[in-house]
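Here is a short walk through one protein model. Keep the sequence and the 3D view side by side as you read.

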Amino acid sequence: MDIAHLRIQVVAPARIHMGFLDPSGEQGRRFGSLGVALNEISTCLSIERADELKVTGPQSKRAQKIAKSFCKTLQLPESHSITLNSAIPEHVGLGSGTQMALAVGLGLSAFYGLDYKIRDIAKLTGRGARSGIGVGMFEHGGFIVDGGSAKNDAPPPVIVSKQVPENWRFILVFDQREQGLNGAAEIDAFEALPPFPVAETARLCHLLLMQALPALIEQDIRNFGDVITEIQKAGGEYFSRIQGGCFTSPNVERAIHWLEDHGAVGLGQSSWGPTGFCMVDGVSVAETLFHEVITAFSGNPELSFKLVSARNKGGEVVVSRTDIDYTILSEENSRYSSEILRT
């Protein structure tokens with residue numbers, strides 16, 4: 001393939017990790033995650049021909065490390081540049097590591113004309129073995145539930161993929177001073193935890209299947225949110241000995257409880273945090289509450305807030321050329337979901 005004029009652009013969405021169904025896998029499959037893809041936060045990058053590997057933009061060192069490892073594993077030349085236009089914030093619970101790995105891996109696979117699918121990339125880059133929702137978000141978007149890890153390196157299968165109502169909004173709460181567990185510390189934390197009660201897993205699965213999913217389909221945010229809050233409480237209590245409470249950040253916890261008192265539902269912490277989240281029904285209602293919480297916590301400079309929406313489609317890999325007006329690649333004749341991209 002002539003790559004001299006090829007350009008690849010990738011969008012990998014952030015996600016809210018809403019909890020685990022069975023963190024210790026007492027019934028055979030471990031974890032079982034649920035979460036929602038986001039529109040407003042993503043890792044976006046482009047790849048073009050270059051004489052040698054050059055990576056620029058936010059989190060360029062991380063992207064370069066992934067790219068060099070990927071090329072070494074597949075014996076690919078480093079004849080490309082990577083430009084990061086945006087990157088999901090690191091170690092705040094929004095899936096930055098998985099989405100960066102998928103974005104770089106899928107982008108390079110498309111650039112060099114390889115036939116690797118997203119789950120191939122996840123295995124090659126060592127992502128998604130614990131939680132499958134990062135991979136699922138790139139595949140489908142929306143609300144995702146995975147079936148838990150089967151004690152191998154493959155990402156868990158997606159067992160539920162549903163659209164989120166367009167008028168639902170999420171308020172994210174950030175603590176600038178804190179970071180969630182990651183890397184070796186995260187692995188050690190999981191291994192140090194006691195078995196998760198089988199009866200509790202059964203209760204959470206019943207709530208998800210018989211209350212949350214019907215409520216999502218019926219666009220009933222109150223009942224859906226109540227189940228998310230319940231799953232979060234169970235997980236928060238289980239992980240409290242590791243993170244010092246149900247929330248990593250006491251500041252975030254106070255803001256989340258304030259939002260609950262003012263009508264928000266579906267409360268919790270995304271992954272190890274410190275980012276907290278809640279749900280609001282209606283755009284104007286969410287915007288009003290968003291401005292109110294900013295005012296209420298204006299005296300706390302460590303806290304910041306962001307109003308976001310669910311992304312009801314997966315990530316994007318767009319293939320184009322820089323030497324012609326545009327390229328059309330239909331889904332039938334492309335290995336990737338592509339679209340017209342004017343250059």
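Two strands count as paired if DSSP finds at least two bridges between them. The model is a predicted one. Three bridges join β2 to β5, and the two run antiparallel.

β2 has other partners. It is joined to β1 by 13 bridges, again antiparallel. In that pairing, A12 stands opposite T43 in β2. Strand β4, residues 80-86, is linked to β2 through six bridges and also runs antiparallel to it. There L45 stands opposite L84 in β4. Of the 19 residues of β2, 15 are buried, so the rest of the structure largely encloses this strand.

Now look at the packing. In soluble globular proteins, nonpolar side chains tend to be buried together. The largest nonpolar core here has 44 residues, and M18, L34, F143 and F224 touch the most other members. Elements that give two or more residues to this core include β1, β2, β5 and α7. The largest share, eight residues, comes from α7.

What is F143 in contact with, beyond its neighbours within four places in sequence? Its contacts include M18, L34, V160, L208 and F224. A second, separate core has 35 residues, among them L6, A87, L108 and A122.

Finish with helix α2, residues 96-111. All 16 of its 16 residues are buried. At 1.5 Å a residue, its 16 residues should span 22 Å, and the end C-alpha atoms are 22 Å apart, which agrees. Just after α2, G113 takes a positive phi of about 70°.

Technical notes. Residues numbered from 1 in each chain as written. Predicted model: local features only at pLDDT ≥ 70, side-chain atom pairs only at ≥ 80, totals over all residues. Heavy atoms only, no water. Core = buried A, V, L, I, M, F, W, Y, C linked by side-chain atoms within 4.5 Å. Buried < 20%, exposed > 50% of the residue type's maximum accessible area, 1.4 Å probe, protein only. Helix = DSSP H or I, 4+ residues; strand = E, 2+ residues; numbered from the N terminus. Contact = heavy atoms within 4.5 Å. Expected span 1.5 Å × (residues − 1).
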